[in-house]
Amino acid sequence: IENLLMSFFRLGTLASLLSEPLVNGFTTAAACHVVVAQLKDVVGIRIDRHKGAFKIIYTLIDVTKGLTNTNLVNFSFCVGVIIFMTVCNEFIKPYLNQRCRFPLPGELIAVIGGTLISKFCHLHDDFNVELVGIIPKGLPSATLPRLNLIPLVAVDSIAIAIVTYSIIMSMGLTFAKKHGYEVRANQELFAMGLGNAVGSCFSCIPLACSLSRSVIQDQTGGVSQIASLVSATLVVVTLLWIGPFFSDLPRCVLAGVIIVALKPMFMQIKQLKKFSKQGKLEIFSWISTFLCVVLIDIDIGLLIGVCVSLLALYIKGLKPYYCLLGYMPESPGIYMDMNQHRNVMQVPQTCIFRYYGSLNFATSLFFRRALYSVVGLDKIKQKTKNNRNRKSSTTYVSVTENVKETNTLKFLILDFSMLGHIDVAGCSMLTDVSKELKTFGSRLLLSSPMDRVYDTLVHSMALSEGPFEIFPTLHDAVEYANAYRTV
């Protein structure tokens with residue numbers, strides 16, 4: 001029900017909170033959980049199943065303690081399956097893919113072959129190799145869920161719905177990026193809700209996605225819903241008729257197939273280099289999500305990862321990029337970032353300030369501090385008081401001569417070409433800056449605003465803010481400043 005309600009209210013947009021570093025770190029950490037869960041079957045020992053926080057650590061401790069009881073036949077069989085699957089995936093499959101479109105079912109060959117070897121060699125009876133065991137036959141009968149339990153499970157079910165949706169979307173986005181298709185978040189919610197509604201009539205657990213099965217299906221060439229339909233059909237056939245055949249399947253065979261299939265998930269670690277180049281917040285999101293999911297648990301780690309992504313988004317929103325612009329001597333109409341280009345020139349008695357992002361109640365204080373810091377308005381104000389009657393030079397000054405050391409600031413031009421949004425609080429802050437500039441003989445000019453930014457500025461002037469001098473292009477504002485100075 002929760003998934004259907006989330007789909008109805010179009011809450012699929014929550015998937016936008018799953019940033020690429022978060023998804024990458026989460027799926028890699030989830031692969032670690034799957035591998036650790038298979039270790040007991042690899043070495044052939046029995047350990048207690050842990051739940052809750054730090055379960056992966058407790059599992060590793062128990063496996064380490066039980067290594068002295070390793071079943072060598074079980075371990076050797078698992079290593080053989082791992083070698084076979086590695087050869088299939090790395091050599092045989094790429095070779096056959098160049099010659100035929102039908103993928104080699106290496107996983108199916110390993111499962112059937114392992115079952116036959118176990119059956120005819122009596123691995124369980126003679127060597128105590130752990131088997132899958134008896135698979136119950138038949139399907140559960142359909143019954144309506146007990147609606148009187150809803151008040152008791154409502155809160156927990158909301159948490160389950162959010163966690164399962166996040167896991168499904170993380171896996172979906174990973175495979176979507178690999179194969180180049182789009183995942184529709186609200187459609188996924190509706191499918192999950194409908195599947196859970198039908199499954200509740202058959203005593204099914206809530207829908208989620210299996211990392212190991214998803215990776216195996218991807219490696220076997222499944223690229224459409226037909227693959228899932230065939231898989232579901234085989235599950236039904238197994239439950240109804242051929243389940244007893246796979247009761248002799250060694251668990252170490254499944255462990256070997258799963259471990260090899262998870263190789264692409266671990267290879268995602270290579271993208272750490274890309275995230276490190278994107279910025280410190282991206283690499284911090286990846287590392288924090290990975291470590292929290294591995295060391296604590298999947299659900300808690302995912303929650304921490306989302307919080308870290310939101311924090312990174314908040315930091316980026318509050319501290320966007322800003323710079324001073326100068327003109328190229330060869331092309332006076334082109335204005336470029338003075339931090340990135342050495343040959344740009346500073347227009348005398350004029351500062352051009354460009355701001356990237358939004359200007360609203362949350363960022364107005366940062367905008368003002370950045371503006372005063374870069375332009376040096378405090379020092380200019382003090383110098384203007386002491387030298388109010390001094391005439392300014394009318395020649396262009398090189399960028400090496402800092403604007404803070406020029407005689408007097410006559411014009412401050414704000415380039416709003418990269419400003420996506422402004423609210424009334426931002427307009428009020430601009431009014432305060434304009435009034436302060438006028439106290440020591442300078443003027444504020446606004447240039448290149450987008451249509452909606454321009455509409456907000458005009459609307460704010462109707463509410464007694466401003467008035468603002470607005471120019472359609474940055475060059476128009478600079479030409480106006482130059483013409484005004486020479487009069």
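Modeller: We'll take cores, rings, a pocket and a few backbone points in turn.

Modeller: This is a predicted model, so local features need pLDDT of at least 70 and side-chain atom pairs count only at pLDDT 80 or more, while totals for chains, interfaces and linings use all residues. Residues are numbered from 1 along each chain as its sequence is written, and side-chain values use heavy atoms, with hydrogens and water left out.

Colleague: How many residues does the largest nonpolar core have?

Modeller: It has 33 residues. Those with the most contacts inside are Phe-353, Phe-367, Leu-371, Leu-412, Leu-414 and Leu-430. A nonpolar core here is a set of buried Ala, Val, Leu, Ile, Met, Phe, Trp, Tyr and Cys residues joined through side-chain atoms within 4.5 Å. Buried means under 20% relative accessible area, exposed over 50%, partly exposed in between (1.4 Å probe, protein chains only).

Colleague: Which elements each supply at least two residues of this core?

Modeller: The strands are β1 (322-328), β4 (350-355), β7 (411-415), β8 (419-422) and β9 (443-447). The helices are α16 (364-375), α18 (424-438) and α19 (451-462). The largest share, 7 residues, comes from α16. Helices (H or I, at least four residues) and strands (E, at least two) are DSSP runs, numbered from the N terminus.

Colleague: What does Leu-412 touch?

Modeller: Leaving out residues up to four places away in sequence, its contacts include Cys-351, Phe-353, Leu-371, Val-433 and Leu-444. Contact means heavy atoms within 4.5 Å. Apart from this core lies another, of 31 residues, with Val-43, Phe-77, Val-215 and Ala-261 among them.

Colleague: Switching to rings. How many aromatic pairs are there?

Modeller: The whole structure has 11. One of them is Phe-353 with Phe-367, edge-to-face, at 5.7 Å centre to centre and 85° between the planes. Rings of Phe, Tyr and Trp (its six-membered ring) pair if their centres lie within 6.5 Å; planes under 30 degrees apart count as stacked, over 60 as edge-to-face and the rest as tilted.

Colleague: What does that Phe-353 and Phe-367 pair tie together?

Modeller: Phe-353 lies in strand β4 and Phe-367 in helix α16, so the pair ties together parts 14 residues apart in sequence.

Colleague: Is Phe-353 buried or exposed?

Modeller: Phe-353 counts as buried, because its relative accessibility is 1%. Phe-367 is buried too, at 0%.

Colleague: Now pockets. What lines the second largest pocket?

Modeller: There are 14 lining residues, and Ile-162, Val-163, Ser-166, Leu-303 and Val-306 lie nearest the centre. By class, 12 are nonpolar, 1 is polar and 1 is charged. Helix α7 (150-179) and helix α15 (298-318) each supply at least two. The most comes from α7, with 5 residues.

Colleague: What about Ser-203, buried or exposed?

Modeller: Ser-203 is exposed, at 63% relative accessibility. Ser-203 lies in the loop between α8 (185-199) and α9 (211-219), and phi of Ser-203 is near 60°.

Notes:
On a 1 Å grid over the protein atoms alone, a cavity is a set of points where a 1.4 Å probe fits but cannot get out, and a pocket is an open set with protein on both sides within 12 Å along at least five of seven lines; lining residues have an atom within 4 Å of a point. Ala, Val, Leu, Ile, Met, Phe, Trp, Tyr, Cys and Pro count as nonpolar, Asp, Glu, Lys and Arg as charged, and the others, Gly among them, as polar.
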